[in-house]
Amino acid sequence: MALGKQDDPQDAEHDYETDPDRVDEAVLALLVQGLHDGSRAWKTFDWDALDRLHAKGLISNPASRAKSVVFTEAGLEAALRSHRLLFAKRRL
């Protein structure tokens with residue numbers, strides 16, 4: 001499946017509006033994965049989760065010197081689908 005501008009969650013022309021409250025809730029929940037020393041949390045994603053995504057062929061190897069990972073085509077499709085599912089504003 002080819003991806004186009006309509007699939008970019010950062011693009012104002014996508015077919016849904018991102019709900020920042022839902023994004024904040026997800027980030028807050030993900031911070032728990034790095035919880036340590038009582039109430040401190042690491043600002044990075046859980047390494048085991050990144051390794052699992054790499055093993056599934058969705059992202060490049062996270063164990064590199066780069067500060068970012070690259071989505072595979074399948075990974076980007078899955079990420080955009082998840083973004084829409086998790087963060088689209090709910091219509092009343």
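Is Lys 89 buried, partly exposed or exposed? Lys 89 is partly exposed, at a relative accessible area of 38%; here buried means under 20%, exposed over 50%, and partly exposed in between, using a 1.4 Å probe and protein chains only.

Before going on, a word on ground rules. This is a predicted model, where local features need pLDDT of at least 70 and side-chain atom pairs count only at pLDDT 80 or more, while totals for chains, interfaces and linings use all residues. Residues are numbered from 1 along each chain as its sequence is written, and side-chain values use heavy atoms, with hydrogens and water left out.

**The overall layout**

The chain has 3 helices and 2 strands, and along the sequence they follow the pattern α-β-β-α-α. Both kinds of element are DSSP runs numbered from the N terminus: H or I for helices, with at least four residues, and E for strands, with at least two. Of the chain's 92 residues, 20% count as buried. The accessible surface comes to about 7600 Å², and carbon and sulfur atoms hold 57% of that; areas come from the Shrake-Rupley method with a 1.4 Å probe, and for residues only the protein chains shown count as cover. As for contacts (heavy atoms within 4.5 Å), take those with a separation of 6 or more: residues 24 or more positions apart account for 46% of them.

Helix 3 covers residues 73-87, and its 15 residues reach 21 Å from first C-alpha to last, close to the 21 Å expected at 1.5 Å a residue. That expected span is 1.5 Å times one less than the number of residues.

Which residues of helix 3 are buried? They are Gly 75, Glu 77, Ala 78, Leu 80, His 83 and Phe 87, and these buried residues pack against helix 1 (20-31). At the start of helix 1, a side-chain oxygen of Asp 19 comes to within 3.0 Å of the backbone nitrogen of Asp 21.

Val 27 sits in helix 1 and is partly exposed at 45% relative accessibility. Together with Leu 28 and Leu 31, Val 27 makes a nonpolar surface patch of about 260 Å². Patches use residues with over 30% relative accessible area and no salt bridge, joining like charges within 9 Å and nonpolar side chains (Val, Leu, Ile, Met, Phe, Trp, Tyr) within 5 Å.

**One salt bridge**

Back to Lys 89. A search of the whole structure turns up 1 salt bridge, meaning a side-chain nitrogen of Lys or Arg within 4 Å of a carboxyl oxygen of Asp or Glu. The side chains of Glu 17 and Lys 89 meet in a salt bridge at 3.2 Å, N to O. Glu 17 lies in the segment before helix 1 and Lys 89 in the segment after helix 3, so the pair ties together parts that are 72 residues apart in sequence.

**Around helix 2**

Leu 53 belongs to helix 2 (residues 47-55) and is partly exposed at 33% relative accessibility. Neighbours within four places in sequence aside, Leu 53 is in contact with Leu 58 and Ile 59. Thr 44 lies in the loop between strand 2 (40-41) and helix 2 and counts as exposed, at 56% relative accessibility.

Here are two C-alpha pairs involving these residues:

| Pair | Sequence separation | C-alpha distance |
|---|---|---|
| Leu 53 and Phe 71 | 18 residues | 9.7 Å |
| Thr 44 and Gln 33 | 11 residues | 9.3 Å |

Key. Polar contact = N/O pair within 3.5 Å; in protein donor to acceptor, adjacent residues only side chain to side chain.
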